[in-house]
Amino acid sequence: MEHYPAAADIANRRDLEVLLRRFYAAAFEDPRIGPFFTEIAGTDLEVHLPRIADFWERALFRTAEYRRNAFAPHAALASVRALTAEDFGRWVQLWHATVDGLHRGPHAERAKAQGERIALALHGRLAGPGASLAGSENRGFIPLAALQLRSAA
Ligand code: HEM
């Protein structure tokens, strides 16, 4: 029987680059959220990856600068097609699955927790105070399916 070493924690920029490349490959392929990248934004991964790696390197290790506006592209997307709780739930599900597939440890846990927190924040801000009553049963809701892969890991 083959022996696999226990997964290591996310340790550096290189780990983030591998993780993010895998995550965005899955996100682009995803039938629910893929079209936001491929059809609406026309995202060029080679442009997006260094930015998002700066974002996560700053969030996890404080070793990079990220001074861009992370909210703006999501507001622009949402003006074309609504970004729903289910969309953010899928994002969180893919993020958790990708992190768990490669890493284990405190940074991996923080990456998952922060991803979830930012998803909730983006969703809340996009829904806006005026929209909160209209969609009240969905307010702040991230589908539980988002957590299934995490608990199965
Ligand atoms: C369904 C959920 C989401 C969708 C569909 C989505 C989609 C996108 C798209 C299309 C872009 C623009 C990429 C480009 O420049 O072409 C973007 C940028 C970005 N997203 Fe998301 N996103 C989602 C959730 C999140 C979450 C939860 C985070 C939290 C980490 C996040 C972090 C970012 C950041 C940091 C940028 C880069 C902004 C910049 O510096 O230009 N996104 N996203």
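This is a predicted model: local features need pLDDT of at least 70, side-chain atom pairs count only at pLDDT 80 or more; totals for chains, interfaces and linings use all residues.
Colleague: Hi! What is the mean pLDDT of the protein chain?
Modeller: The mean is 88, and 82% of the residues reach 70 or more. pLDDT is the predictor's confidence in each residue, from 0 to 100.

Colleague: And where is the pLDDT below 50?
Modeller: Residues 132-140 are below 50, and beyond near neighbours in sequence that stretch has 6 contacts in the model. Residues 144-153 are below 50 as well, with 14 such contacts. Two residues are in contact if their C-beta atoms, placed from the backbone, lie within 7 Å.

Colleague: Pick one for me. What is the span of α5?
Modeller: Helix α5 covers residues 85-102, which is 18 residues, and reaches 26 Å from its first C-alpha to its last. That is close to the expected 26 Å at 1.5 Å a residue. The expected span is 1.5 Å times one less than the number of residues.

Colleague: How many of the α5 residues are buried?
Modeller: 13 of the 18, so α5 is mostly covered. A residue is buried if 20 or more other C-beta atoms lie within 10 Å of its own, exposed if 12 or fewer, and partly exposed in between; the C-beta atoms are placed from the backbone. In the protein chain, buried residues make up 25% of the 153.

Colleague: New topic: which residues come nearest the ligand?
Modeller: Of the 22 residues around the ligand, F36, A41, T43, R68 and A119 come nearest. Near means that the C-beta atom, placed from the backbone, lies within 6 Å.

Colleague: Which helices supply at least two residues of that shell?
Modeller: α2 (34-41), α3 (45-61), α4 (72-80), α5 and α6 (106-131) each do.

Colleague: Let's look at F36. Why does F36 count as buried?
Modeller: F36 counts as buried because it has 22 C-beta neighbours inside 10 Å. F36 is found in helix α2.

Colleague: And what is F36 in contact with?
Modeller: Leaving aside neighbours within four places in sequence, F36 contacts A41 and L77. F36 and R81 are 45 residues apart in sequence, yet 8.3 Å apart in space, C-alpha to C-alpha.

Methods
Residues are numbered from 1 along each chain as its sequence is written. Helices (H or I, at least four residues) and strands (E, at least two) are DSSP runs, numbered from the N terminus.
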